[in-house]
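Here is my note on the model you sent.

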Amino acid sequence: MKFLKKYQHTWIIPIYGILYMLAFQYVEQRKVPVTIIHMKIDDYIPFCEYFVVPYFLWFGYIALTVFYFAFMNQNKKEYWQLILTLGIGMTLFIVISILFPNGQDLRPNLTGDSIFIQMVQHLYRLDTPTNILPSIHVFNTVACCVAIFRHSEFHSHKVLLAGTGILSVLIILATVFLKQHTLLDVVAAFALYLCCFQLIYKPKTVQAEQPARA
């Protein structure tokens with residue numbers, strides 16, 4: 001009971017997680033016409049199967065970051081800033097997917113039998129090329145990266161911050177090099193995060209007091 005009381009703030013994570021996965025399965029499985037998102041620049045980005053490694057590392061990266069801020073960090077404000085940012089972004093993603101069904105046609109015909117190609121084939125089977133705007137892979141990566149870099153306890157851990165930055169960049173690059181997303185999806189994810197950052201992180205403007213009248 002002491003554990004449940006101490007960490008009662010974390011109950012929102014499994015509750016929202018279940019609701020989100022149900023909503024995500026709905027938008028993935030429904031049969032509706034989709035708008036294909038395709039930019040000319042996408043055709044010049046080569047496919048590279050090796051990026052499947054950081055792409056899958058995303059799941060552990062997000063889980064570990066949320067776990068740290070939920071159970072190990074004593075600053076509840078930072079916890080709620082991260083959780084609200086992730087929740088708002090992921091909810092808006094579902095809303096966009098419902099109102100604007102979208103997809104992409106970038107996936108190549110995979111050849112070869114290397115472990116990396118097999119991993120990409122598995123990824124393609126698990127994740128359909130629909131509901132791609134904005135990229136939640138990118139949005140959540142940026143949200144967790146910013147939370148980690150803003151956390152004062154990590155400021156002296158240069159190796160950790162460097163590793164976080166490098167992994168975040170590789171994950172973002174992976175979304176386009178694996179032909180999972182268009183460049184527009186990446187830009188949209190950054191734009192959505194900036195809106196959430198302004199809402200959650202930026203302190204309210206304090207109006208200067210008017211000088212007393214004589």
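1. Which residues have the most contacts inside the largest nonpolar core? They are Tyr61, Phe69, Leu82 and Leu178, in a core of 47 residues. Such a core is a set of buried Ala, Val, Leu, Ile, Met, Phe, Trp, Tyr and Cys residues joined through side-chain atoms within 4.5 Å. Buried means under 20% relative accessible area (1.4 Å probe, protein chains only). Elements giving two or more residues to this core include α3 (52-72), α4 (76-99) and α8 (183-200).

2. On provenance: this is a predicted model, where local features need pLDDT of at least 70, side-chain atom pairs count only at pLDDT 80 or more, and totals for chains, interfaces and linings use all residues. Residues are numbered from 1 along each chain as its sequence is written, and side-chain values use heavy atoms, without hydrogens or water.

3. The chain has eight helices and two strands. These are DSSP runs, numbered from the N terminus: H or I of at least four residues for helices, E of at least two for strands. The order is α-α-β-α-α-β-α-α-α-α.

4. Leu178 deserves a look. Beyond its neighbours within four places in sequence, its contacts (heavy atoms within 4.5 Å) include Phe47, Phe51, Tyr55, Val120 and Tyr124.

5. Of the 214 residues, 41% count as buried. The C-alpha atoms fill a box of roughly 75 × 45 × 35 Å along the principal axes.

Notes. Buried < 20%, exposed > 50% of the residue type's maximum accessible area, 1.4 Å probe, protein only.
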